[in-house]
Amino acid sequence: MNFSLAIGGMLMASVTLSVPDAMKEWIDRQVIEGDYASTGDYLRDLVRRDRERRTHPDLSLDDLRRMVEEARAGGPGELSPDDIKAEARRRAAATRSGTRD
């Protein structure tokens with residue numbers, strides 16, 4: 001790896017990566033469609049997402065899909081948006097303090 005100083009003073013490493021043509025075409029398509037500014041931007045986002053997924057493995061994609069289906073089947077809720085926000089803040093505070101419900 002080669003190291004160089006990037007904008008903002010963050011030390012960055014250069015990585016050379018070989019991928020099959022089909023993967024490179026996929027990445028290029030994401031850049032062309034405007035989802036990412038560059039191949040490097042795409043790869044950094046991929047690493048960030050993987051890091052997040054691995055550090056918070058509580059729910060799988062299947063769990064999330066099941067939850068969405070249950071929510072759709074249940075219809076509109078009884079709580080107002082303000083009630084939902086208040087509950088989310090309460091849960092976040094409890095998680096930060098280590099007292100999960």
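Q: What does pLDDT express, and what does the chain average?
A: pLDDT is the predictor's confidence in each residue, from 0 to 100. The model here is predicted. Of its residues, 87% score at least 70. The chain average is a pLDDT of 84.

Q: In which element of the chain is confidence lowest, and in which is it highest?
A: Strand S1, residues 2-5, has the lowest confidence, at a mean of 49. Where pLDDT is low, the predicted coordinates should not be read in detail. At the other end, with 95, stands H1.

Q: Which element gives the most to the lining of the largest pocket?
A: The largest pocket holds about 530 Å³ of space. Among its 17 lining residues, Val15, Gly40, Leu43, Arg44 and Val47 are the closest to its centre. At least two lining residues come from each of strand S2 (11-14), helix H1 (21-32) and helix H2 (39-55). The top contributor, with 8 residues, is H2.

Q: How many residues of the lining of the largest pocket are nonpolar?
A: The lining includes 3 charged residues and 2 polar ones. The nonpolar residues number 12.

Q: What separates Lys24 and Asp28 in helix H1?
A: Lys24 and Asp28 form a salt bridge, with their closest N and O atoms 2.7 Å apart. Lys24 is partly exposed at 35% relative accessible area, and Asp28 is partly exposed at 28%. The two sit 4 residues apart in H1, so the separation is about one helical turn.

Q: How far apart are the closest N and O atoms of Arg90 and Glu87?
A: Arg90 and Glu87 lie 3 residues apart in helix H4, so they are separated by about one helical turn. Arg90 is partly exposed at 37%. Glu87 is partly exposed too, at 27%. The N and O atoms of their salt bridge come to 2.6 Å.

Technical notes
Residues numbered from 1 in each chain as written. Predicted model: local features only at pLDDT ≥ 70, side-chain atom pairs only at ≥ 80, totals over all residues. Heavy atoms only, no water. 1 Å grid on protein atoms, 1.4 Å probe; cavity = no way out; pocket = protein on both sides within 12 Å on 5 of 7 lines; lining within 4 Å. Points joined across faces, edges and corners; volume = space filled by probe spheres on them. Nonpolar A, V, L, I, M, F, W, Y, C, P; charged D, E, K, R; others polar. Salt bridge = Lys/Arg side-chain N within 4 Å of Asp/Glu carboxyl O. Buried < 20%, exposed > 50% of the residue type's maximum accessible area, 1.4 Å probe, protein only.
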